[in-house]
Amino acid sequence: PTFRQSLLSVDDKKPINNGDNATDSMFRIDDNIIHQLQSMFTFLQLTERQDFNPIAFCLAMKDSSGRPVDVRVQQDAQEFLNHIFDYLEKGLTDTSEKYLLQSVFGGKTCSQIMCQGGCESVLERDEDFYNL
């Protein structure tokens with residue numbers, strides 16, 4: 001609930017991009033992932049329906065070349081999660097929720113290097129992560 005409520009409260013100050021320059025009406029969707037997730041979460045929260053048609057969300061998800069991700073191609077779940085987190089991280093940078101992903105899904109790992117030669121010094125390095 002924390003992630004959903006925080007994401008619903010985000011105002012990224014970006015206009016809704018309905019793809020007005022698209023020739024095909026199927027591609028006239030807002031290609032902002034934050035807006036699409038807000039739409040999906042709002043629909044699922046406020047309606048009694050237990051399903052949601054994710055076509056607009058799928059068209060908003062772009063691959064590295066800027067084209068919508070091919071939903072017919074199987075993707076590793078962790079790879080997909082990292083892809084969405086990258087989009088969200090970029091989209092949330094100028095908002096009040098810029099640390100949302102880190103606070104909900106993040107953690108820290110600590111790597112330690114200990115001297116075995118009798119000097120007893122320890123070198124520690126913390127690293128942020130979203131998933132293991």
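**Entry 1: helix 4**

I looked up the packing of helix 4 and found that its buried residues contact helix 1 (2-8), helix 2 (33-46), helix 3 (55-60) and helix 5 (100-105). Contact here means heavy atoms within 4.5 Å; helices are DSSP runs (H or I, at least four residues), numbered from the N terminus. The model is predicted: local features need pLDDT of at least 70 and side-chain atom pairs pLDDT 80 or more, while totals for chains, interfaces and linings use all residues. Side-chain values use heavy atoms, without hydrogens and water, and residues are numbered from 1 along each chain as its sequence is written.

I then listed the buried residues of helix 4, namely Ile84, Phe85, Leu88, Gly91 and Leu92. They lie on the same side of helix 4, because they cover an arc of only 125° around the axis. Buried means under 20% relative accessible area, exposed over 50%, and partly exposed in between (1.4 Å probe, protein chains only). The arc is taken from the directions from the helix axis to the C-beta atoms.

At the N-terminal end of helix 4, I noted Asp76 as the cap, with a side-chain oxygen 3.2 Å from the backbone nitrogen of Gln78.

**Entry 2: cysteines**

I found 1 disulfide in the structure, a disulfide being a pair of cysteine sulfur atoms within 2.5 Å. Cys115 and Cys119 form it, with their sulfur atoms 2.2 Å apart. The link is right-handed, with 140° about the S-S bond. Cys119 is partly exposed, at a relative accessible area of 48%. Cys110 is in no disulfide, and the nearest cysteine sulfur, that of Cys115, is 17 Å away. I recorded Cys110 as partly exposed, its relative accessible area being 43%.

Conventions. Helices (H or I, at least four residues) and strands (E, at least two) are DSSP runs, numbered from the N terminus. A polar contact is a pair of N or O atoms within 3.5 Å; within protein, one must be able to donate a hydrogen and the other to accept it, and residues adjacent in sequence count only if both atoms are side-chain atoms.
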